[in-house]
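Please look over the sequence and the model shown here. The paragraphs after them go through the structure part by part.

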Amino acid sequence: MKVTVIGTGYVGLVTGACMAEWGHDVMCLDLDAAKIARLQRGEVPIYEPGLRELIMRNQPAGRLRFTTDVAASVEHGDIQFIAVGTPPDEDGSADLRHVLEAARQIACHMDSFKLVVNKSTVPVGTAQRVSTLLEEELGRRAVRCGFAVVSNPEFLKEGSAVADFLQPDRVIIGCGSGTADRRAREWMTQLYAPLERTSSQLLWMETRSAELTKYAANAMLATRISLMNEYANLAEALGADIEEVRRGLGSDPRIGAHFLKAGIGYGGSCFPKDVRALIRMSEQAHVSHHVLDAVEAVNSRQKFKLVEKLQKRFGASLSGRTVAIWGLAFKPETDDMREAPSRCIVGELLRLGAIVRVFDPVAMPAARRAFAQDLAAYPRRLANIHWASSALDAARGSDALLLVTEWVEFSHIDPVQLAKTLSMPLVLDGRNAWEPSLLASAGIEHRGIGRIPAGETLRTRPMPLRRFS
Ligand SMILES: NC(=O)c1ccc[n+]([C@@H]2O[C@H](COP(=O)([O-])OP(=O)(O)OC[C@H]3O[C@@H](n4cnc5c(N)ncnc54)[C@H](O)[C@@H]3O)[C@@H](O)[C@H]2O)c1
Ligand SMILES: O=c1ccn([C@@H]2O[C@H](COP(=O)(O)OP(=O)(O)O[C@H]3O[C@H](CO)[C@@H](O)[C@H](O)[C@H]3O)[C@@H](O)[C@H]2O)c(=O)[nH]1
């Protein structure tokens, strides 16, 4: 099928490359000329495992093309995917500027039936707004051609985006019931036909339900994380171990084992903005949102957990202290720095006077841009970031090591060598990536999130509960 994908970010590029892999004839449009030029040269502007291989295979085969030419891209695709960003507006609601602009581009150039598929994460009612905009624009141009708008939210995760797209748990499609919608249903079924091989399910529903499902899913996952972080803080206070609690909880099939990892909070381009957007949607609908408020509040606090632990150890000011940070991206296997907890942590450490030695296996260039932006008003603080060449280089001479992103390569580092490299053998593990006993055997003091430190038991640990007895 002839498909156009508008926007070549994480979602658009993965969608385009995967659809080409399925044999569809795909043209990807972006207004960012530099990005398109790189893609045309065969350079992949983001780090996403497996994506380069897909592009390298499908671009020379002529199934995947990149353009900045709006008219050509509208002409190309019978199916027009909108996969542009929906960043948070000042009040937390999703900014639909790019989505509506993409819809306008289609309307200004289309002269035959088009199926417009919304892949961006958008508030309930957006498909309706896109339909109205198309109708108005076509009316203005006095062009009589039909269209349908469907909602097809994307659930891929960064770091495993290609695999998630090619083998999704399910594909949600929100569709109306008019004549044009029947054609939309047929085309969407053909488009996703390759999924039959993986027995992934197409779930059809009302357009508004599809739009809400996307936010509801992200907020549900964010809720699990915040609740686990609250349990972790409680475990720490009561002398329990959150990893044992997690095993116990996750083995109940009603709860399930996924997304129960406590840590320093969720980040990324989706959970934080989507929880906020759902709060805003609830406000606008005059519906209470206590749970969502709490999810966000817990997450904001959790990002500072490691700094609080450092301050407990070294005092309120960290002036004169050197702190190593392992991992900057918001999660492993991506270079995405959007709402990465590292940004809060590094910013706070610098504010408290520390020198920070940072390392990330792939996100160093993106992190340089992010910190330059965050610290634009504080050039002296920015100068206190040392950009290390390796994980051990970051640890060299540091008073403590903070594990912020759990890249697998960090878990392979020899604890004995690490102990020798640090000036004080203290590791604050923000992702509970290490067994405390492993580091303890090398003489390193390990403090996780909600974990019992090696060698400490209920009997040896001062119990805060005694205060109440
Ligand atoms: N990143 C994810 O993991 C993920 C997963 C699922 C859903 N989503 C949602 O998908 C949407 C896209 O997210 P993303 O992370 O890919 O965004 P992104 O910011 O990485 O990329 C968006 C791209 O769209 C381009 N663009 C903007 N307006 C355009 C226009 N009018 N015409 C052509 N190109 C245009 C931009 O130049 C940019 O390259 C968002 O709504 C997001 O919430 C993201
Ligand atoms: O048990 C867990 C799982 C995740 N996280 C954190 O949660 C954040 C988000 O992680 P993840 O969901 O793996 O990455 P994203 O790429 O942001 O994907 C989410 O957001 C996308 C954009 O909407 C959706 O498509 C995905 O389904 C949804 O998982 C990261 O900071 C993780 O460190 C935890 O703290 N504990």
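**A guide to the model**

Ligand 1 is surrounded by 27 residues, and the closest are Gly7, Gly9, Gly85, Ser120 and Thr121. A residue is near a molecule or strand if its C-beta atom, placed from the backbone, lies within 6 Å of it. This is a predicted model, in which local features need pLDDT of at least 70 and side-chain atom pairs count only at pLDDT 80 or more, while totals for chains, interfaces and linings use all residues. Residues are numbered from 1 along each chain as its sequence is written, and chains are lettered from A and ligands numbered from 1 in the order in which they are written.

Two helices contribute to the shell around ligand 1: helix H1 (10-21) and helix H5 (97-109) each supply at least two of its residues. Helices (H or I, at least four residues) and strands (E, at least two) are DSSP runs, numbered from the N terminus. H5 gives the largest share of this shell, four residues. By class, the shell around ligand 1 holds 10 nonpolar, 11 polar and six charged residues. In this division Ala, Val, Leu, Ile, Met, Phe, Trp, Tyr, Cys and Pro count as nonpolar, Asp, Glu, Lys and Arg as charged, and the others, Gly among them, as polar.

H1 also belongs to a right-handed β-α-β unit, made by S1, H1 and S2. A crossover is right-handed if, with the strands pointing away from the viewer, the path from the first strand over the helix to the second runs clockwise. Strand S1 (residues 2-6) and S2 run parallel and are joined by five bridges; two strands pair if DSSP finds at least two bridges between them. Within this pairing, Ile6 has Leu29 in S2 as its bridge partner. S2 also pairs in the parallel sense with strand S3 (residues 64-67), over four bridges. Here Cys28 stands opposite Phe66 in S3.

How many of the five residues of strand S2 are buried? Four are, and the strand (residues 25-29) is mostly covered. A residue is buried if 20 or more other C-beta atoms lie within 10 Å of its own, exposed if 12 or fewer, and partly exposed in between, with C-beta atoms placed from the backbone.

The next stop is the second ligand. Of the 20 residues around ligand 2, those that come nearest are Glu158, Lys261, Tyr266, Gly268 and Cys270. Helix H9 (residues 207-238) supplies the largest share of this shell, three residues. The shell around ligand 2 divides into 10 nonpolar, five polar and five charged residues. Both domain 1 (2-205) and domain 2 (220-447) take part, each with at least three residues in the shell around ligand 2. The domain bounds come from an automatic or database domain assignment.

Gly159 lies in the loop between S6 and helix H7 (161-166). Gly159 counts as buried because it has 20 C-beta neighbours inside 10 Å.

Asn432 has 23 C-beta neighbours inside 10 Å, so it counts as buried.

S13 itself is covered on both faces: Leu426 and Leu428 on one side, and Val427 and Asp429 on the other, are all buried. Strand S12 (residues 400-403) runs parallel to S13 and is joined to it by three bridges, with Leu402 and Leu428 as bridge partners. Three bridges also join S13 to strand S14 (residues 445-447), again in parallel. In S14, Glu445 is the bridge partner of Leu426.

An unreviewed UniProt entry annotates residues 324-436 as "domain: UDP-glucose/GDP-mannose dehydrogenase C-terminal". UniProt positions are given in the numbering used here, feature names are shortened, and annotations may be inferred rather than shown by experiment. Over residues 324-436 the chain is 38% helix and 17% strand, with the end C-alpha atoms 19 Å apart.
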